[in-house]
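Keep the sequence and the 3D view side by side while reading.

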Amino acid sequence: MSETNPTASDSSSLDSSNSKVKSAIEALSRILASLPPSLSSSPYPAVALLNDPQITSQISSLLRQPNSGTGDNNLCRWLYDTFQSSDPNLHLVVLRFIPIIAGVYLSRVALRKHLAGFEAVLLALYAHETTSRAGQALTVNIPDLSNSSIYHETKASFKKDGTQQNVAVMSPSLEPHGTVRSSRRARIVGVALELYYSKISKMPVGSKIDFCEFCIVWAGQNGDMYKEGWVEEEKEKGDSGTAESEKEGGGEIEGRIPLPWELLQPVLRILGHCLMGQTKNKELSEAASAACRSLYARSLHDIDPKAILATESLLRIGKMELEANNEFDPTELPKSHLITL
C-alpha cells in the first residue's frame, strides 16, 4: 500500500501541472495570432511551450513592439498570471522571456514611458525570490588561504581554526517592494536576472542570445576594437593606447543605461555561463564574447576597477574557449612520451 502512494501522488501532481499548462495555453491562444496544432496534443505541453520556435517568435515580437509593457498589455498580464500559477514548468516559460522584458524595460525607462506591465512581471519575480530566501542573503564559503593545506607539511602553528572559512555575500538579503522606484530599479531587475541565472541550464539558446544582444545595448559602447589580439595590444599601448582605441572605435551607441554592481554582477554570471556552459554553441559563444567586449569597453570608459577586472577575465576565458581544441584531452599523455618495452 505504501509503495503505491508515491505513484498516485506523482500522477495527481502531473495532472495538476498539465491542467495549469493547458489553461495557460488557452489564455495565450487569445493573444497570439496562431498556435501550432501539436501544442495541445503534446504529452509535455510545458516543454513545447518553452521551446516551440513559432510561439517564442510571436511572443518576442509582441514584447518588442513600441506599445508593449503598458499596464493594460494582455501579454504582460498573461506572463504575470502564468508566473503566479506556482507551477515550476510555467515559471521556466516566463523566465525564458526575462532577457527581452528586462532589455526593453531598461532601454525605455529613460524615455519616461508608462511600463507598468513590465514592472508587474519583474515585481512578481522579485516577490518570489524574497519569499524563497526568507530574509537570508545568498552567500558562499571561501576557505581561509592563510591556513596550510592538508597536502603540505608546515612547522608554523596557527591560532586560527583550520576549518574556519570566510563568508562572501553573493546577493544581499531582500526587502519587500510593491512598486518600482528609480532607487530600487537596478536591484529588482538584478534579482530577476539572478532567478533567470538559477535556471539558465534549462533555458533555450535563443533566450541566452537575446540576453547577450541586450547587454551590448545596455553597455552603450562599441567593443569591436578588442576583438583581435586585445590582450597583447593593451599591454603594449598602456593607458594612453586604451584612450586612443576608445576614440577610434569605442564610441557610445544608443541604449546606454546605468550599470551599478547590483545589476552588472548577475549580468556577468549569465555571460560566464554562456561562455563556459556545458552546451557548446558557436553562435551563443560569439554573442557572449561580443557582449563581454562591449561591457569591457564600458568599464574602461567608466573607470570602474571591479567591472574592468571581471569583464577582462571573461574576455580571456572567452578567447581560451574559442581557441581550445574540443578533441584535446589534458589527461592523455602525448605519444612521444610513451615508453615502449
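This is a predicted model: local features need pLDDT of at least 70, side-chain atom pairs count only at pLDDT 80 or more; totals for chains, interfaces and linings use all residues.

**The nonpolar patch**
- The patch is formed by L138, V140, I142 and M170.
- Together these residues have about 280 Å² of accessible area.
- I142 is found in strand β1.

**Helix α10**
- Helix α10 runs over residues 205-219 and has 15 residues.
- From the first C-alpha to the last, α10 reaches 21 Å, close to the 21 Å expected at 1.5 Å a residue.
- Among the buried residues of α10 are I209, F211, F214 and W218, and the list also includes K208 and D210.
- An α-helix has 3.6 residues a turn, so residues three or four places apart point the same way.
- The cover over the buried residues of α10 includes helices α7 (98-108), α9 (185-198), α12 (261-276) and α13 (282-302).
- After α10 comes G220, which has a positive phi, near 70°.

**The whole chain**
- The protein chain has 14 helices and two strands.
- Of its 341 residues, 41% are buried.
- Among contacts with a separation of 6 or more, 74% are between residues 24 or more positions apart.
- The chain exposes about 19800 Å², and carbon and sulfur atoms supply 53% of that area.

Terms used: Residues are numbered from 1 along each chain as its sequence is written. Side-chain values use heavy atoms; hydrogens and water are left out. Helices (H or I, at least four residues) and strands (E, at least two) are DSSP runs, numbered from the N terminus. The expected span of a helix is 1.5 Å times one less than its number of residues. Buried means under 20% relative accessible area, exposed over 50%, partly exposed in between (1.4 Å probe, protein chains only). Contact means heavy atoms within 4.5 Å. Accessible areas come from the Shrake-Rupley method with a 1.4 Å probe; for residues, only the protein chains shown count as cover. Patches are made of residues with over 30% relative accessible area and no salt bridge: like charges are joined within 9 Å, nonpolar side chains (Val, Leu, Ile, Met, Phe, Trp, Tyr) within 5 Å. A salt bridge is a side-chain nitrogen of Lys or Arg within 4 Å of a carboxyl oxygen of Asp or Glu.
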